Amino acid sequence: MGKGEWSISAVGKVGAVRLLDTELRIEPKVPLNQLFFILSRTFGWDLWREETLRLSTVDDLYPAIFGLFARSAEKTVRSGIFRAYRERRSSENFIRGRWLVTEQIRTRQGLQLPAELLYDEFTADVDENRLLRSAARRLMRASDMSPALRRRINKLDAQLDDAGVLAPGSPLPQIRFDRRNDYYRTALGLARLILEHQSIDRGVAEVTGAGFLLNMPVLFERFIEAEVVRSAAAFGGLIKPQKRDYLDQGAQVVVKPDLVWVRGDETVSVIDAKYKAEKPAGHPNADIYQMLAYCIRHQIGVGHLVYAAGNERPTEYVVEQAGVTVVCHAIALDAEPGEIIAQVDRLVARSHGDWGRAEKLEVT
């Protein structure tokens with residue numbers, strides 16, 4: 001493109017990107033209420049039901065994310081800032097914890113003070129609080145935040161001032177939840193969303209910018225995975241995400257479906273999610289070829305492709321020579337939450353081969 005010109009293509013993302021004084025907003029086709037329902041179900045947040053009324057009056061993803069994070073983080077901090085024991089090393093003028101005598105001799109050359117120590121400290125400078133504070137700091141850079149919301153975010157940052165801030169671009173810590181920190185779950189889910197899904201946060205030639213983008217294909221695939229695991233529990237077996245196998249004897253051609261449903265040594269079903277921002281040339285032929293390879297590898301007669309409604313209509317493709325049927329499902333993400341769940345339940349019932357149950361769910 002020429003100087004000052006940009007090329008914009010469908011990338012399957014929604015949100016906002018700022019470049020200098022220009023902001024590009026990509027609105028989701030899915031209503032915000034349903035979008036946050038999908039996020040909550042995917043990441044296990046106890047969030048959607050209590051936020052439904054607020055979201056029904058909001059039509060902009062960017063401030064909706066900010067407001068949700070502020071409310072969730074404030075609720076979490078009001079319940080008490082989480083603290084835990086953390087191992088520290090320091091040089092001090094009094095003895096506590098474990099005195100590192102060998103280190104003392106090496107670094108202090110026989111001097112008794114300051115002492116080289118190793119001890120456990122009960123502190124708020126833990127990963128949970130670092131994630132919250134880093135997300136708050138990230139939002140403080142947003143230029144279009146309302147003054148009232150900015151004051152709330154600043155207050156949250158001050159309340160967490162004992163915690164460090166994660167370096168930009170560093171890997172986010174993985175949190176293990178238990179009864180002590182489980183009340184942080186929703187706020188940390190939103191914090192991770194903010195920190196993982198920022199778009200441009202670095203120099204681009206002479207232009208700098210910031211943004212917040214949701215990767216809809218990834219979100220759709222993870223949502224389908226979470227809901228299939230939930231629904232398949234009624235039938236038994238195990239759902240294996242991204243199960244890696246090989247199509248050929250020489251182990252050169254990798255096949256890795258989104259979901260492989262197994263029971264013992266038997267493969268019950270193969271499911272692949274295909275959110276597409278636009279229909280590429282030849283669609284859905286490439287998807288059919290891929291699913292055919294999955295079915296051949298796993299020696300099953302039916303494979304299931306799952307699309308977001310609007311990108312593919314429900315249909316079946318029968319490959320007689322291979323004895324394989326590929327079934328395409330379309331999940332309407334703009335439906336009411338209960339109907340979205342029912343759509344996945346029907347998909348799972350059909351994947352299990354329980355056509356009667358699927359038809360009954362269709363009727364109800």
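A: K240 is found in strand β8 (residues 238–241), where helices (H or I, at least four residues) and strands (E, at least two) are DSSP runs numbered from the N terminus. This is a predicted model, in which local features need pLDDT of at least 70 and side-chain atom pairs count only at pLDDT 80 or more, while totals for chains, interfaces and linings use all residues. Residues are numbered from 1 along each chain as its sequence is written, and side-chain values use heavy atoms, with hydrogens and water left out.

K240 counts as partly exposed because its relative accessibility is 32%, given that buried means under 20% relative accessible area, exposed means over 50%, and partly exposed lies in between (1.4 Å probe, protein chains only). Once neighbours within four places in sequence are set aside, K240 is in contact with D258, L259, V260 and V262, contact being heavy atoms within 4.5 Å. K240 and V270 are 30 residues apart in sequence, and their C-alpha atoms are 9.7 Å apart in space.

Further along, A251 lies in the loop between β9 (245–246) and β10 (254–255), and its phi is near 55 degrees, a positive value in a residue other than glycine. Most residues other than glycine have a negative phi. A251 is partly exposed, since its relative accessible area is 36%.

An α-helix has 3.6 residues a turn, so residues three or four places apart point the same way. Just after α9 comes Q299, with a positive phi of about 55 degrees although it is not a glycine. Q299 belongs to the loop between α9 and β13, and it counts as exposed because its relative accessible area is 74%.

Strand β13 (residues 302–308) is mostly covered, with 6 of its 7 residues buried. Two strands pair if DSSP finds at least two bridges between them. Strand β12 (residues 266–273) runs parallel to β13 and is joined to it by 3 bridges, with V306 of β13 as the bridge partner of A273. β13 also pairs in the parallel sense with strand β15 (residues 324–331), over 7 bridges, and there L305 stands opposite C328 in β15.

C328 is buried, as its relative accessible area is 2%, and C295 is likewise buried, at 1%. A search of the whole structure finds 0 disulfides, a disulfide being a pair of cysteine sulfur atoms within 2.5 Å.

A nonpolar core is a set of buried Ala, Val, Leu, Ile, Met, Phe, Trp, Tyr and Cys residues joined through side-chain atoms within 4.5 Å. The largest such core has 68 residues, and those with the most contacts inside it are F69, L132, I153, F220, I224, V228 and L333. Apart from it lies another core, of 13 residues, among them I288, L292, V326 and C328.
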